[in-house]
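I'm opening my notebook on this one. Let me put the structure up before I write anything down.

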Amino acid sequence: MRRIASLVLVGLGIFSLALAAVLRLYVYPELAVVPLDQKTESVAEGAAKVFYPQELVVKDAQLTATRKVESNLTLPEAKVGGDVMVWDQGLVVTDSENKLVSAMEHRVCLDRRTNMALQQCSQQYVTDSEDGPSKDDRAVHQEGLNYKFPFDTQPQDYEYFDTTLRKASTARYEGTETLAGLEVYKFVQKIPSTKFRDQEVPGTLVGSTEASVKAERRYQNTRTMWVEPVSGIIVKGSEQQRQVLAGPDGKEGTVLLDATLTFNEKTVDESVARASEARDKLTLISTTGPVVLLSVGLVMLLAGIALGVFGRRARHVA
């Protein structure tokens, strides 16, 4: 009887150890992928100074930036069971009177595990044109992280894509914080004043007596992101953004936008809930489950071996 019990315990122990390895090494990598059918919306709000081109004046305003990100399942790269997803993003910024301040569209192909942009993809673009993406818009070099961090985000720096500059720059890790009871990593991306386009403007906007001059449009931003590290979900975001015209003499002229926009409370609450649910599921499979199975498996294995050894000794004594 002891021999049978010993064999059962040893068998169950080996099974538990094997199941722990399967969960961590095989099941977790299969589940730590972004579903193809994604659809999220975030809203950021804040005070700003805004240039209104129809009136040629700068006014104080309260802005609302609504960003919608949705999977595009119509493109050939987005295959069921594949490693690539295609996301369409629309960003609309309006003031308190519902006047349009800016709009942006972005289509990008991403790795479903790392959330890094992929170049070997068709029909990608970044555009703020009402006429749709131009040839140059489609030729933008897509790179870096987009709208999410990787699963198992590490306390390190990452390259994050900026749609205004149309390139990635470093988002630096600046520590761990707690947000609504959730542990998050804080990343800050600082973009210095940089020219991102030339445009013809009335000379008065850059201190010139000319009727029209070619001016630089310059952009700077401090983007702060609070990321739940297990899921990589950005649960809160804030931007301190400034755009200004610079004349042919290099001197700054009219400020086009000077704003601080931060996720509103509803967006943060919804993001925390999504991140918490994803974190709990992934932690169960990657950490909690394997640790429990490993512990139970070792106990049963050792108990089975001990029972077998003592059983044999008992028979010899008898």
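Which residues does V50 touch, not counting residues up to four places away in sequence? I looked it up: V50 touches V57, V58, K59, A61, L63, V101, L256 and L257. Contact here means heavy atoms within 4.5 Å.

Housekeeping before I go on. This is a predicted model, where local features need pLDDT of at least 70, side-chain atom pairs count only at pLDDT 80 or more, and totals for chains, interfaces and linings use all residues. Residues are numbered from 1 along each chain as its sequence is written, and side-chain values use heavy atoms, with hydrogens and water left out.

**Entry: cores**

I looked up the largest nonpolar core, which has 26 residues. V50, L63 and V235 touch the most other members. The elements giving two or more residues to this core are β1 (39-52), β2 (57-71), β3, β8, β11 (252-263) and α3 (265-317). There is also a second, separate core of 21 residues, including L145, Y147, A171 and I234.

My note on the terms: a nonpolar core is a set of buried Ala, Val, Leu, Ile, Met, Phe, Trp, Tyr and Cys residues joined through side-chain atoms within 4.5 Å. Buried means under 20% relative accessible area, exposed means over 50%, and partly exposed is in between (1.4 Å probe, protein chains only). Helices (H or I, at least four residues) and strands (E, at least two) are DSSP runs, numbered from the N terminus. In soluble globular proteins, nonpolar side chains tend to be buried together.

**Entry: strands side by side**

Next I checked β7 and β8. They run antiparallel, and seven bridges join them; two strands pair if DSSP finds at least two bridges between them. R172 stands opposite V188 in β8. The two strands form a hairpin with two residues between them, and A180 in the turn has a positive phi of about 55 degrees.

Then I followed β8 to its other partner in my notes, β9 (residues 212-227). These two are antiparallel as well, with 15 bridges. K195 has R218 in β9 as its bridge partner.

**Entry: rings**

How many aromatic pairs does the structure hold? I found eight. Rings of Phe, Tyr and Trp (its six-membered ring) pair if their centres lie within 6.5 Å; planes under 30 degrees apart count as stacked, over 60 as edge-to-face and the rest as tilted.

I picked Y173 and Y185 to look at. Why is this pair edge-to-face? The ring centres are 5.4 Å apart and the planes sit at 75 degrees, so the pair gets that label. Y173 is in strand β7 (residues 167-179) and Y185 in strand β8 (residues 182-202), 12 residues apart, and the pair links distant parts of the chain. Y173 is partly exposed at 26% relative accessible area, while Y185 is buried at 13%.

The charged end of K59 sits over the ring of Y52, 5.5 Å from its centre. The charged end of K236 sits over the ring of W226, at 4.9 Å from the centre.

**Entry: E239**

Is E239 buried or exposed? It counts as buried, because its relative accessibility is 17%. E239 lies in strand β10 (residues 234-246). Its side chain makes a polar contact with the side chain of N221 (2.8 Å), and another of 3.0 Å joins the side chains of E239 and R223. A polar contact is a pair of N or O atoms within 3.5 Å; within protein, one must be able to donate a hydrogen and the other to accept it, and residues adjacent in sequence count only if both atoms are side-chain atoms. Leaving aside neighbours within four places in sequence, E239 is in contact with residues including R67, A259 and L261.

**Entry: positive phi**

Most residues other than glycine have a negative phi. N98 has a phi near 65 degrees, a positive value. N98 is in the loop between β3 (84-95) and β4 (100-111), and counts as exposed at 61%. Q123 also has a phi near 65 degrees; this residue is in the loop between β4 and β5 (125-127) and counts as partly exposed at 42%.

Methods: A charge sits over a ring if NZ of Lys or CZ of Arg is within 6 Å of the ring centre and within 35 degrees of the ring normal.
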